[in-house]
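Let's take a walk through this structure together, one piece at a time. Have the sequence and the 3D view ready, and turn the view as you read.

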Amino acid sequence: MNNLLVLDNLSVGYKDLTIYKDLSFNIAENTITSILCPNNSGKSTLIKTLSGINCGLCGSIVLNNVKLTKRSFKKYIRDVGVVLEDIDRQFITNNVKDEIIFPLVNLGYNKSVIDKHIEDITKICELDNILNKKIDSLSNYDKIKVLIASSIIHFPKILLLDDPFRFLNLKEQKKILNILNNIKNNCNISIIFTTSQFSSIIDLDNIIVLGNGKIIMQGNYKDIIKKDNELSKLGIEIPIMIDLSLKLQFYSLLDDICYDVGGIVDKLWK
Amino acid sequence: MEIILRNNFNYRKKIDVEEGTIISLQVTNFKAIISNLIDDYRFVNIDNSQVYFLGENVYEEINLYSNTYNLNLIKDIFDIFGLNDSFFDNKIEDLSYTERVYLNIIRNLSLGNKKILFYDVYNYLDYANQKKIKNLLLYLKEKKYTIFITSKDVNVLYKLADYSILWNKNNFDYGKTDDLYTNVEKILKFNLEVPVLSLITYKALKNKNVKLFYSKDVRDVIKDIYKHV
């Protein structure tokens, strides 16, 4: 797979504060990558830097062969869709349909193209029931779907999401993950989302764990879960069933991770 | 202290609450019960997506909220949260999620009400911040605050609360957390959630005739399992 986004020795932060130093990693085309890190560790700053809103302190970001510089900024952001953390502040209109098409109207697309795009995006983001609603009347779950739809309506190469699961329960998180998978598969868009919750990364293939200003580990869910002690040291909470399974595995009492209590009891006392 | 609770099925319950205790609520509809408590209890929503700040910076926000705030209390909470005076100067718009949680708690506690309701007490906080909230609860307990807590995660309620309320329609019980949450049959009968560690002990006995001890600590449960496998 080709690399879509390449970070080379990127330092992230503000003039007098470096949050991440010398970050280097690649994001392949058509993938979903989760960046897992504890609260207050600079998730938002990293997403703002990758989206071009903030400047990196040093190092480089290359997206789709375009290096982010002042000169290339416009070309760079054309390929970026972004959903920031504070969901309520990102709405420009007060109607779902207007909100979603706003980027296209702004870019001067004609009506027939806009209608085609909105039809596709409505299906992919499961917006049928809320397309004519007012933004004020939406739940957090629906608001996130609208923001995602609005961010990908111009079909960027990459979608960046800053902690999209923060205000969602587990069921809603799973539904959003399904929508992200739809986007990846149908629109050929790579996705990066940050999170502090271990439950948001279960079964993902690409996970980068950040902490203490650097990359702590990188791999798929199974690789990451093996290092539960390091995750705990970072302050990342492991769901109790996974924690219990891992501890029982350590004492050779269980072979695999078990997600329900009945299953654990049956496996322990066959 | 006597409290009358009412749910939206119009069932009323009267409970005696001691000062300096943490009481968990595991109920099927928070809204009716919370609306019942909200007259007397300061409502602190940890999920601050619905919380609005009016000040430009932290200092202004705390001042706006309370003109009679207790400086010693604020100083103690700053210590518990590991904040220093420079936090006062932070602009509201620059605060991270966790810092907003801190500020929301500080401004609510600075009002001086000793009856507090923490809604979704550990919502989206990592271990380090959960520990800070726990330390705050212990501090408030010591200062004789009466604290109600709710959480999406019943395991959190089991760990934190001294007393618990279980309430689904006309099924109601109030008592010590250790007693209530080890009576798994009753929780299941009420159609409410059972903490994972209690459920393992219960299922081990019921399904496999293995007698484990009830414990809130995962390590103790594992030691006990190890002895019995």
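What follows starts with confidence and overall build, then moves through a strand, the contact between the chains, and a helix.

Keep in mind from the start that this is a predicted model. For the complex, the predictor reports an ipTM of 0.82 and a pTM of 0.85. Chain B has a mean pLDDT of 88, with 93% of its residues at 70 or more.

Chain B holds ten helices and eight strands. Its radius of gyration is 19 Å, close to the 17 Å that the globule rule gives for 229 residues, so chain B is as compact as a globular protein of that length. If you line chain B up along its principal axes, its C-alpha atoms fill a box of roughly 60 × 45 × 30 Å. Of the 229 residues in chain B, 36% are buried. And if you take the contacts in chain B with a separation of 6 or more, 67% of them are between residues 24 or more positions apart.

Now zoom in on strand S6 of chain B, residues 146-149.

Which strands pair with S6(B)? One partner is strand S3 of chain B, residues 21-27, which pairs with S6(B) in the parallel sense over four bridges. Another is strand S5 of chain B, residues 115-119, which runs parallel to S6(B) and is joined to it by four bridges. Look at Thr146(B) and you'll find both pairings: Thr21(B) stands opposite Thr146(B), and Thr146(B) is also the bridge partner of Lys115(B).

Next, look at where the two chains meet. The contact takes 26 residues from chain B and 27 residues from chain A. On the chain B side, helices H4 (97-109), H5 (127-142), H9 (196-208) and H10 (218-228) each supply at least two residues. The largest share, seven residues, comes from H9(B). Sorted by class, the side of chain B that touches chain A has 15 nonpolar, six polar and five charged residues.

Ile240(A) touches Asn155(B) and Val196(B), leaving aside residues up to four places away in sequence. Why does Ile240(A) count as partly exposed? It has 16 C-beta neighbours inside 10 Å, and the cut-offs are 20 or more for buried and 12 or fewer for exposed. Ile240(A) is also 9.3 Å from Tyr259(A), C-alpha to C-alpha, although the two are 19 residues apart in sequence.

Last stop: helix H1 of chain A, residues 43-50. Six of its eight residues are buried, so H1(A) is largely enclosed by the rest of the structure. The buried ones are Lys43(A), Ser44(A), Leu46(A), Ile47(A), Thr49(A) and Leu50(A). Just after H1(A), check the backbone at Gly52(A), which takes a positive phi of about 90°.

Terms used
Residues are numbered from 1 along each chain as its sequence is written. Chains are lettered from A and ligands numbered from 1 in the order in which they are written. This is a predicted model: local features need pLDDT of at least 70, side-chain atom pairs count only at pLDDT 80 or more; totals for chains, interfaces and linings use all residues. Two residues are in contact if their C-beta atoms, placed from the backbone, lie within 7 Å. Ala, Val, Leu, Ile, Met, Phe, Trp, Tyr, Cys and Pro count as nonpolar, Asp, Glu, Lys and Arg as charged, and the others, Gly among them, as polar. pLDDT is the predictor's confidence in each residue, from 0 to 100. The radius of gyration is taken over C-alpha atoms; the globule rule is 2.2 Å times the number of residues to the power 0.38. Two strands pair if DSSP finds at least two bridges between them.
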